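Here's a quick tour for anyone new to reading protein structures. Keep the 3D view open and follow along topic by topic.

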Amino acid sequence: MRAIWNNMTIAESEDTVVVEGNHYFPRSTLREDVLRDSDTHTTCSWKGLASYYALEIDGVRSEDAVWYYPDPQRGAEMVRDRVAFWKDVQVVD
């Protein structure tokens, strides 16, 4: 699977976990150079507190396009150390 943003591959892995229709990529496969910290957090009733990253390169930015669970709740351990994408990030096979 590949995550594509701004015509570039930002993550690629054969080891994704699908949860609620979203592919969670190993965090280690995500390009660090396009990540920007975000103060955004949301809560999932069964996965716990989600944190976000913005993506940015060459003046193009996508706020909160990457999310992850730093400390997932019991039953959601499969997303630990993984990231998922939305907004203008395409996930393709």
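Two strands count as paired if DSSP finds at least two bridges between them. With that in hand, strand E1 (residues 2-5) pairs with E2: four bridges join them, and they run antiparallel. One thing to keep in mind is that this is a predicted model.

**The open sheet**
- Three strands make up an open sheet, in the order E2-E1-E9, with antiparallel pairing.
- E2 and strand E9 (90-92) sit at the edges with a single partner strand each, so one side of each has no neighbour in the sheet.
- On average, neighbouring strands here are turned by 30° against each other, ignoring direction.
- If you want a spot to look at, find Ala3, which stands opposite Ala11 in E2.

**Ser13, in a loop**
- Ser13 belongs to the loop between strand E2 (8-12) and strand E3 (17-19).
- Is Ser13 buried or exposed? Its relative accessibility is 10%, and buried means under 20%, so Ser13 counts as buried.
- The Ser13 side chain reaches the backbone nitrogen of Asp15 at 2.8 Å.
- Leaving aside residues up to four places away in sequence, Ser13 touches Met1, Phe25, Pro26 and Thr29.

**Aromatic pairs**
- You can describe a pair of aromatic rings by the distance of the centres and the angle of the planes.
- Phe25 in strand E4 and Phe85 in strand E8 are 60 residues apart, so to speak a link between distant parts of the chain.
- Both Phe25 and Phe85 are buried.

**Ala84, in a strand**
- Ala84 is part of strand E8 (residues 82-85).
- With 0% relative accessibility, Ala84 counts as buried.
- What does Ala84 touch, not counting residues up to four places away in sequence? The list is Asn22, His23, Tyr24, Ala65, Val66 and Trp67.
- The C-alpha atoms of Ala84 and Thr40 are separated by 15 Å, and these residues are 44 residues apart along the chain.

Key
Residues numbered from 1 in each chain as written. Predicted model: local features only at pLDDT ≥ 70, side-chain atom pairs only at ≥ 80, totals over all residues. Heavy atoms only, no water. Helix = DSSP H or I, 4+ residues; strand = E, 2+ residues; numbered from the N terminus. Buried < 20%, exposed > 50% of the residue type's maximum accessible area, 1.4 Å probe, protein only. Polar contact = N/O pair within 3.5 Å; in protein donor to acceptor, adjacent residues only side chain to side chain. Contact = heavy atoms within 4.5 Å. Axes fitted to C-alpha atoms, helices over the stretch in contact; angles between N-to-C directions.
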